[in-house]
Amino acid sequence: MFRFYLLRPSIWIALFFTFSPLVTLAAALNDIKAVPHLDSAGRDGYRDFLTFDKHRAFAIAPGGAWSWKGGEASAKSASANALQTCQNDSDITCIIYALDDKVVFDTQAWAKLWGPYLNRAEASSVRVGLNRGERFYNLTFKNATGKSISLSDLQGKLVLLHFWGSWCPPCRSEIPDMQKLYQSLGAASDVQLVLLQVQEDFDVSRQWARQQHLKLPLYDSGVKSKAMGSLTLADGRKIQDRDIAPAFPTTYVLDKHGVVVFSNIGPVARWPQYLPQLRDVAARSGK
């Protein structure tokens, strides 16, 4: 039986990467830890993929979306079906990580999947919001010395905006991994981490960070308790912290024009694995 698939352009692009001779072998097929951005459920899914017969394909997207198909009539149909299912769970293009008995992961394509990025004129005309491709709200906050800063002051830099609290167990478990990311980024002048505490006094979160021997760029959101949950915009208006961060932690990555290129509600697994995407945003956005 012949099968026909009507796929979106992004999926045809992903299929090109899959069968292009430019792809590079990233790791051994059975090395589950080498598959980037997978959480525990994704790693379990990859184990299931490894037990299935040909033809089989495992698809992933930056941020943790994944899918696999097995027992297909051909490698091409396995790839197409895995990509289609993965794409249903991701607004970022999925690509094939493994196909039949080989890793076909294209590391160069992977690093660029948060793009393409808007130019200055395009960025200025998009709506303000939280979704990918929208300009993030122009929040204002204070640095450790009490100086007021707005997100618009940071345009020209990649901004990793992170909402957290020392009272939040998932936040506490994630922060050490973010410290590793910060150290890996080094002194990159065009990358700015902004960690904003919520639902507790700034001094409380800063004291906890000192006790954990963390050296991260902490900023004061102005939200001092659960009863006071409003963040301030540069024009003086207020927005509730839960409207921006439905759960804690929540993270947004903003390009050099302040446009959202990635977001995640909840803790991110293995932050250092996001270095390729972050470096690509820093290098290619802001035109």
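**Disulfides and backbone details**

C86 is buried, with a relative accessible area of 0%. The model in which this value was computed is a predicted one. C94 likewise counts as buried, at 0% relative accessibility. These residues belong together, for C86 and C94 form a disulfide in which the sulfur atoms lie 2.2 Å apart. A disulfide is a covalent bond between the sulfur atoms of two cysteines. The link of C86 and C94 is left-handed, with -80 degrees about the S-S bond.

A further pair is made by C168 and C171, whose sulfur atoms are 2.4 Å apart. Since a pair of cysteine sulfur atoms within 2.5 Å is taken as a disulfide, C168 and C171 form one. The torsion about the S-S bond of C168 and C171 is about 75 degrees, so this disulfide is right-handed. Both of its cysteines, C168 and C171, are buried. How many disulfides does the rule give in total? The count comes to two. When the bonded cysteines are counted along the chain, the disulfides follow the pattern 1-2, 3-4.

The bond from G115 to P116 is cis, its omega being near 0 degrees. P116 is placed in the loop that runs between α4 (107–111) and α5 (120–125). A cis peptide bond also leads from F248 to P249, again with omega near 0 degrees. Where does P249 lie? P249 is situated in the loop between α8 (241–244) and β12 (250–254).

The backbone torsion phi deserves attention as well. H37 is a residue other than glycine, yet its phi has a positive value, near 70 degrees. The loop between α1 (9–19) and α2 (40–51) contains H37. Is H37 buried or exposed? The relative accessible area of H37 is 4%, and a residue under 20% is called buried; H37 is therefore buried.

Although Q199 is not a glycine, its phi is positive, at about 60 degrees. Q199 is found in the loop that lies between β8 (191–197) and α7 (202–211). With a relative accessible area of 11%, Q199 is buried.

Technical notes
Residues are numbered from 1 along each chain as its sequence is written. This is a predicted model: local features need pLDDT of at least 70, side-chain atom pairs count only at pLDDT 80 or more; totals for chains, interfaces and linings use all residues. Side-chain values use heavy atoms; hydrogens and water are left out. Helices (H or I, at least four residues) and strands (E, at least two) are DSSP runs, numbered from the N terminus. Buried means under 20% relative accessible area, exposed over 50%, partly exposed in between (1.4 Å probe, protein chains only).
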